[in-house]
Amino acid sequence: MDLGIAGRWALVGGASKGLGLGCAQALVREGVNVLVVARGDQVLQQAAEQLRAQAQLGAQVQALACDITTVQGRQAIFGLRRDFDIVVTNAGGPPPGDFRSWDRQTWIDAIDANMLTPIELIKATVDGMAARGFGRIVNITSSSVKAPIDILGLSNGARSGLTGFVAGLARSDLAAQGVTINNLLPGAFDTDRLRATQAVAAAKLGKGIEEVVATRRQAIAARRFGTAEEFGEVCAFLCSAQAAYMTGQNILLDGGAYPGTF
Ligand code: NAD
């Protein structure tokens, strides 16, 4: 299916690996030009090369190493260009742990990275999208918004704040101007992030990591972890021309792990 977005410009955060890279790959295959952002330049440049090799229809790939959660990082991004048609907000998730050990600064950092950064990126881009009559915001959040994860209290809290804000904004006059705002909620995807959180869970339980990983896999109806590639394909669809009537939604991608009917 032609998603009707070739030639558009996308900003993809946290895109040197994992889910962000999966989204950027799916977009360049659709002929979308991308600016990919991550903190470490070396891995990011390798990812950019990979993306150039996969790009279709002359899609351009730009890479910028910066911390997207800082004012300076965002200034560097918008110094390059501001007229993005598609923005995929994404950065590293907050650390796992016990809430008793988190001080105020720990919470501020999590809220900054996983709530305020997406809001700043949205603020900087949606009015331009509305003026041009087309815009797609996709926030990579987490299944923890729908079903909290015990060791990820910072994620449960900060991302729920973003979700509440986006629910209101998506239903504003932006909707009539061609701008959609949706959240993609990953369950368990096979990335570095998943491996790191499983290691913490294993240490907490006093079990081996292989045992913890196997138990987690068993709790998923699909009996496997998702891949960044299949995550990216759904993201690209949310960015498509065909998805124009879909806004303010929370799309759970978890292989059937969530037990509820809705
Ligand atoms: P990952 O660790 O594999 O990749 C994270 C990417 O973000 C990397 O490219 C890294 O360089 C970049 N990054 C991190 N902090 C950044 C910053 N401040 N500025 C710019 N770039 C930054 O992680 P992932 O598994 O792809 O996860 C992506 C997001 O999805 C995270 O917020 C994570 O918490 C969330 N999530 C992941 C899963 C999962 O199973 N993988 C599940 C739920 C939620």
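Me: Which residue holds the cysteine sulfur closest to that of C235?
Reply: This is a predicted model, in which local features need pLDDT of at least 70 and side-chain atom pairs pLDDT 80 or more, while totals for chains, interfaces and linings use all residues. Residues are numbered from 1 along each chain as its sequence is written, and side-chain values use heavy atoms, without hydrogens and water. The sulfur of C235 lies 3.5 Å from its closest cysteine sulfur, too far for a bond, and that sulfur is in C23.

Me: How many disulfides does a search of the whole structure find?
Reply: A disulfide here is a pair of cysteine sulfur atoms within 2.5 Å. For C23, the closest cysteine sulfur is in C235 at 3.5 Å, so a bond is ruled out. Across the whole structure, the number of disulfides found is zero.

Me: What is the relative accessible area of C23, and is C23 buried or exposed?
Reply: Buried means under 20% relative accessible area, exposed over 50%, and partly exposed in between (1.4 Å probe, protein chains only). C23 is buried, its relative accessible area being 0%.

Me: Which residues of α3 are buried?
Reply: Helices (H or I, at least four residues) and strands (E, at least two) are DSSP runs, numbered from the N terminus. Helix α3 spans residues 71–80, and its buried residues are G73, R74, I77 and F78.

Me: Which elements do the buried residues of α3 pack against?
Reply: Contact means heavy atoms within 4.5 Å. The packing partners of the buried α3 residues are β1 (9–12), β2 (33–38), β3 (61–65) and α4 (104–132).
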